[in-house]
Amino acid sequence: MSMGLFHFWDDCSRSVAYACKRRASTLTAMSTTPDHDPLRHEWLPVANASAICVQQPLAFTLAGEKLVAWRDTAGQAHVWRDRCPHRGAALSLGQVVGDTLVCPYHGWVFGGDGRCQRMPAHPGFEPPAKAAARALAVRERYGIVWACLDDPARELALFPEYDLPGTRCIHLAPLEVRTSAPRLVENFLDMAHFAFVHGGILGDLAHTEVRGYAVESSPQGVVARDCFAWQPAGFPGQEGDEVEYVYEVRRPIVAMLTKRTAPRPGAVPEVLHLLLALAPVDECRTRAWLVSVFDGNTSASDQALHDFNADIFQQDVPIVESQSPRWLPLEPGAELPQAADRMSIAYRRWLVQGGWSYGTSLGRAARQAAA
Ligand code: FES
Ligand SMILES: [Fe+2]
């Protein structure tokens, strides 16, 4: 993949169209084999860490697969396929007993590694190795439990800002949105909607222009710098001010922004690092996590900081759910970009070059062909 610095007024819609055409046949072939879907090798958020408790296993769906998350009495979180290998009952209906999960149907007892330890109908029988629930790789980081549907392609290390000293970290409960994950990433990267969707907070009708910014792509992701905007209340409780954003796509469906107030003599700038991490329920439904790291002198309460980003996100929901199609269309000419869309154009191209198809028109076409 080539690296490059692209300037705002270049016409890169042509190049993304070209990249889409060039890669479409390859992607179609790749995506027909689910095991080769890059999505399956990404770390995906499954629950806030505080939501997985010893008392109650948690059922959820990730990319069409029914899964269960549970926590043993030693505090270790587990994510398994929500299906007992005996007769297919949902393990999420079972009970945590010590360091085991007990199936609700015939009481098979599964240890943390997924292996069945005991079959109550046959107390003296040692269960074979194949009597096992399918356990996924799990990590607990940034206040979130993450899982990977297959072998992880890399270690989970995508939000170092979370560990900055002296900051305040605020977690939102995950929100399910009826759209694809890539559509949500694009919305997160978009500045041109501030005045229309977040009027009085992130923009107003007297400041609709999106000024020039630079976009840089590399195999590791896409970064947009020098993104300036005037915002009426860009931080909780703040008066109108100029703010600067840096946007980053760190993984195909994980994005981050850093926003800071303009430097003022003698004043500490307010800084917000905001992580958007997405978990597809299916191609067109997505659960979204937002984790905010506030770094500055804000006197706002934790509740006010929470509500600030929760309210902004709620304003986005009806818009993104109205977009048609819900998956990200990658066919040349399917949508008409404007110059302010430089970042999303680079994101689309980066997805295509990386072979990503889930939640896009390429993924849909491939899955329909395979059906
Ligand atoms: S279905 Fe789980 S023990 Fe029978
Ligand atoms: Fe928005």
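Student: Why is strand β2 called largely enclosed in this predicted model?

Tutor: A residue counts as buried if 20 or more other C-beta atoms lie within 10 Å of its own. Of the 5 residues of β2 (residues 44-48), 4 are buried, so the rest of the structure largely encloses this strand.

Student: Which annotation does UniProt give for residues 43-147?

Tutor: An unreviewed UniProt entry lists "domain: Rieske" there. In the model, that span is 40% strand and 0% helix, and its end C-alpha atoms lie 6 Å apart.

Student: How is the chain divided into domains?

Tutor: Domain 1 takes 4-31 + 160-370, and domain 2 takes 43-148. Their centres, taken over C-alpha atoms, are separated by 34 Å.

Student: How many residues of each domain take part in the contact?

Tutor: A contact needs C-beta atoms within 7 Å. Domain 1 contributes 13 residues and domain 2 contributes 11 residues.

Student: Which strands supply at least two residues each to the side of domain 1 that touches domain 2?

Tutor: They are β12 (168-171), β18 (271-282) and β19 (285-295). β18 gives the most, with 5 residues.

Student: What are the residues on that side of domain 1, by class?

Tutor: The side of domain 1 that touches domain 2 has 11 nonpolar residues, 1 polar and 1 charged.

Note on methods. Residues numbered from 1 in each chain as written. Chains lettered and ligands numbered in written order. Predicted model: local features only at pLDDT ≥ 70, side-chain atom pairs only at ≥ 80, totals over all residues. Domains from an automatic or database assignment. Contact = placed C-beta atoms within 7 Å. Nonpolar A, V, L, I, M, F, W, Y, C, P; charged D, E, K, R; others polar. UniProt positions renumbered as here; feature names shortened; annotations may be inferred. Buried ≥ 20, exposed ≤ 12 C-beta atoms within 10 Å, placed from the backbone.
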